[in-house]
Amino acid sequence: MVLHQAYKHTLEFRNIYEQTSKELAKEQFLNWIEKTKLLKLNDFNTAANSLKYHLETILNFFIKRHTNANAESFNSKIKLFRANLRGVVDVKFFLFRMEKLFA
């Protein structure tokens, strides 16, 4: 029974991300947090607390449905570029090359 409740509660959380409105998503997240407290599923309390703490940042996803994956990809490209150069001696030239390659 507890496993079924936990599974159902997880699906409710996942369904929030189907929303297209930031306001509706915020309302559903807050309802999910309250339901987590009522269900007394201790394993979900950490997730609920993290969600409450980072709620405004998470809600930014619902504006244009973007994540930080693009920034992470760009960071990995920079690291690879630096590794291929075996270090950076001339910072101005490095930034110039970065601009020409990735802009």
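## Aromatic pairs

Phenylalanine 29 has 0% relative accessibility and therefore counts as buried (buried means under 20% relative accessible area, exposed over 50%, and partly exposed in between, with a 1.4 Å probe and protein chains only). The model is predicted, so local features need pLDDT of at least 70 and side-chain atom pairs count only at pLDDT 80 or more, while totals for chains, interfaces and linings use all residues. Residues are numbered from 1 along each chain as its sequence is written, and side-chain values use heavy atoms, with hydrogens and water left out.

Rings of Phe, Tyr and Trp (its six-membered ring) pair if their centres lie within 6.5 Å, and planes under 30 degrees apart count as stacked, over 60 as edge-to-face and the rest as tilted. By this rule the count comes to ten aromatic pairs. In one of them, the rings of phenylalanine 13 and tryptophan 32 have centres 4.9 Å apart and planes at 55 degrees, so the pair is tilted. Tryptophan 32 is buried at 5% relative accessibility, whereas phenylalanine 13, at 25%, is partly exposed. Ring pairs join Phe13, Tyr17, Phe29, Trp32, Phe44, Phe61 and Phe62 into a cluster.

## Packing of α2 and α3

The axes of helix α2 (residues 22-39) and helix α3 (residues 42-53) come within 10 Å and cross at roughly 150 degrees (axes are lines fitted to C-alpha atoms, for helices over the stretch in contact, and angles run from 0 to 180 degrees between N-to-C directions; helices are DSSP runs of H or I, at least four residues, numbered from the N terminus). That makes α2 roughly antiparallel to α3, a term for angles over 145 degrees.

Notes. Helices (H or I, at least four residues) and strands (E, at least two) are DSSP runs, numbered from the N terminus. Angles under 35 degrees count as roughly parallel, over 145 as roughly antiparallel, 65 to 115 as roughly perpendicular and the rest as oblique.
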